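Look at the model, then follow the questions.

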Amino acid sequence: MPGRRHAIRGAGLLVSVALTVLGLLLVTFLIGRVVPIDPVIAVVGDRVSADTYARVRQELGLDLPLWQQFLRYVGDVIQGDFGTSVLTSRPVLEDVLRVFPATLELATAALVVGVLLGIPAGVMAAVHRGRWPDHLIRVIGLIGHSIPIFWLGLMALLVFYARLDWAPGPGRVDVFYEGLVDPVTGIITVDALLAGETDVFWSALHHLVLPAGILGLYSVAYIARMTRSFMLDQLRQEYITTARVKGLSEARVIWRHALGNIAVPLTTVVALSYASLLEGSVLTETVFAWPGLGLYITNSLLSADMNAVLGGTLVVGAVFIGLNLLSDLLYRLLDPRAR
């Protein structure tokens, strides 16, 4: 019976993921059809003859009924064909694979900031509930969710780069280091270490601090708020009172017992935060000229390159779905009651 129950749950999960992916494909397909951009003109320009226009329209399958266009679109995506970018004249998938590691690097660094600051902040807010540390952390969290990230990024560049000269400017490395390291993983800090170029590594790390800190502030706000909520629930439990009565130190009660018991839901929170960082880095990359997926989608949108826009959107959606699935699997793995 347990094996059959697990099989049914697994099948249900696969069906749910398949339906979600299909919904994502449907939404991106409809977006590509309702935007006021003619894909034929985007490819051949607006000064072509009517015969050329009709021929290209037929080659793109735009003369087919809408449901046939959707099936053709799904088939192309399954084969990894997202079309060709008008902006770069390369396959969209090739472009996405080239720029995505930069987004991955930025989001990972921001997540590290969020975890290292958000979890302790949430614990301290719960322990000092109703007192000034709690109020201060909640205000910081409110600021993190309220201030537009593009404004915060511009202010950070104005203060720390233009005025104080504490941080480097936009981009991933200083100009004279560009092209010195061959892209192996696409993550420039890792590639610089693999190549033994320590100067490039430190330059890349310095450029990473400011955008990762700005993007990480939103992660700090979310993780701190959720950690506080989980900890408040645990601190009301009887086992906490029992641990204190037994004479355990307050630090051990808080950081080992209470925090240990929220590790499972907190894992899900961190995974969802990571997904949000990967999909929410568009404005950060635009402000800091960070050559990742967000900047790629923005430039493509400004150039009416819908193949690239939809391809990038699909990748972001697929990553979000994948991380949601991973968090669900980790929850089941770490908590036997969820199996």
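Contact means heavy atoms within 4.5 Å. The model is predicted.

Q: What makes α5 and α11 partners in contact?
A: Residues of both helices meet. Ile119, Pro120, Val123, Met124 and Val127 in α5 meet Ile254, Trp255 and Leu259 in α11.

Q: What classes of residue make up the contact of α5 with α11?
A: Eight residues are nonpolar, none is polar and none is charged.

Q: Why are α5 and α11 called roughly perpendicular?
A: Look at the angle. The axes of α5 (residues 92–127) and α11 (residues 250–261) cross at roughly 100°. Angles from 65 to 115 degrees count as roughly perpendicular. Therefore α5 and α11 are roughly perpendicular to each other.

Q: Why are α10 and α11 called roughly antiparallel?
A: The axes of α10 (residues 238–245) and α11 come within 10 Å and cross at roughly 155°. The cut-off for roughly antiparallel is over 145 degrees. Therefore α10 and α11 are roughly antiparallel to each other.

Q: Which residues of α10 and α11 meet?
A: Tyr239, Ile240, Ala243 and Arg244 in α10 meet a set in α11. That set is Glu250, Val253, Ile254, His257, Ala258 and Asn261.

Q: What makes up the contact of α10 with α11, class by class?
A: Six residues are nonpolar, two are polar and two are charged.

Q: How many helices and strands does the protein have?
A: There are 15 helices and zero strands.

Q: What share of the residues in the protein is buried?
A: Buried means under 20% relative accessible area. Buried residues make up 39% of the 339 residues.

Definitions and conventions: Residues numbered from 1 in each chain as written. Predicted model: local features only at pLDDT ≥ 70, side-chain atom pairs only at ≥ 80, totals over all residues. Heavy atoms only, no water. Axes fitted to C-alpha atoms, helices over the stretch in contact; angles between N-to-C directions. Helix = DSSP H or I, 4+ residues; strand = E, 2+ residues; numbered from the N terminus. Parallel < 35°, antiparallel > 145°, perpendicular 65-115°, else oblique. Nonpolar A, V, L, I, M, F, W, Y, C, P; charged D, E, K, R; others polar. Buried < 20%, exposed > 50% of the residue type's maximum accessible area, 1.4 Å probe, protein only.
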